[in-house]
Amino acid sequence: VRLTRNEQVIFYGILKPDGIWQDFVNTNWEISMDAMDGLSTLKDLSFIKDPTDFDISLFYVGQITQFEAVKQCLHRIGYDLPINISIDLPKYIGFDSLDTILKSVLINADRFYQDAEKDNIMDCEEVLKSVLEIYNATIIQMNGEWWI
């Protein structure tokens, strides 16, 4: 679902199939539908690489940035929106630029797989929470973009 107002996207989401309701009594047939941003579906999605990648393994190995983990979790919803990071998160003066801490801090990707052989993989909701809770940060969608 893409909701626009004056040609500006104000919401991007997924139609809830169980939220459709139609009134058959009145002559005006208004259909009511509910849509969601997709964050609630993250608990049903494993934290793996995109299956369309031609990489041999679907699992992340080694180190990735916290931002990569967040970005992949949001990508698993099924659509890619711009990700904005609040200026309230700490900044890191890196080698050549001032960047947000999410893009600067590396984490061990193996921590997201309790036991890959037994399909005991963390879901994207757990991964997203484990990264954002460190900074007491939340994520919302506004104007067709993610905001941390």
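I take buried to mean under 20% relative accessible area, exposed over 50%, and partly exposed in between, with a 1.4 Å probe and protein chains only. The model is predicted, so I use local features at pLDDT of at least 70 and side-chain atom pairs at pLDDT 80 or more, while totals for chains, interfaces and linings use all residues. Residues are numbered from 1 along each chain as its sequence is written, and side-chain values use heavy atoms, without hydrogens or water.

Entry: cysteines. I looked for disulfides, counted as pairs of cysteine sulfur atoms within 2.5 Å, and found zero. I read Cys73 as buried, at 0% relative accessible area. Cys124 also counts as buried, because its relative accessibility is 0%.

Entry: helix α3. Helices are DSSP runs of H or I with at least four residues, strands are runs of E with at least two, and both are numbered from the N terminus. In α3 (residues 124-132) I list Cys124, Val127, Leu128, Ser130, Val131 and Leu132 as buried. These buried residues pack against α1 (66-75), α2 (101-104) and β9 (106-108); contact here means heavy atoms within 4.5 Å. At the N-terminal end of α3 I find Asp123 as the cap, with a side-chain oxygen 3.0 Å from the backbone nitrogen of Glu125.

Entry: Trp146. Leaving aside neighbours within four places in sequence, I find Trp146 in contact with residues including Asp37, Leu74, Tyr79, Pro82 and Ile140.

Technical notes:
A polar contact is a pair of N or O atoms within 3.5 Å; within protein, one must be able to donate a hydrogen and the other to accept it, and residues adjacent in sequence count only if both atoms are side-chain atoms.
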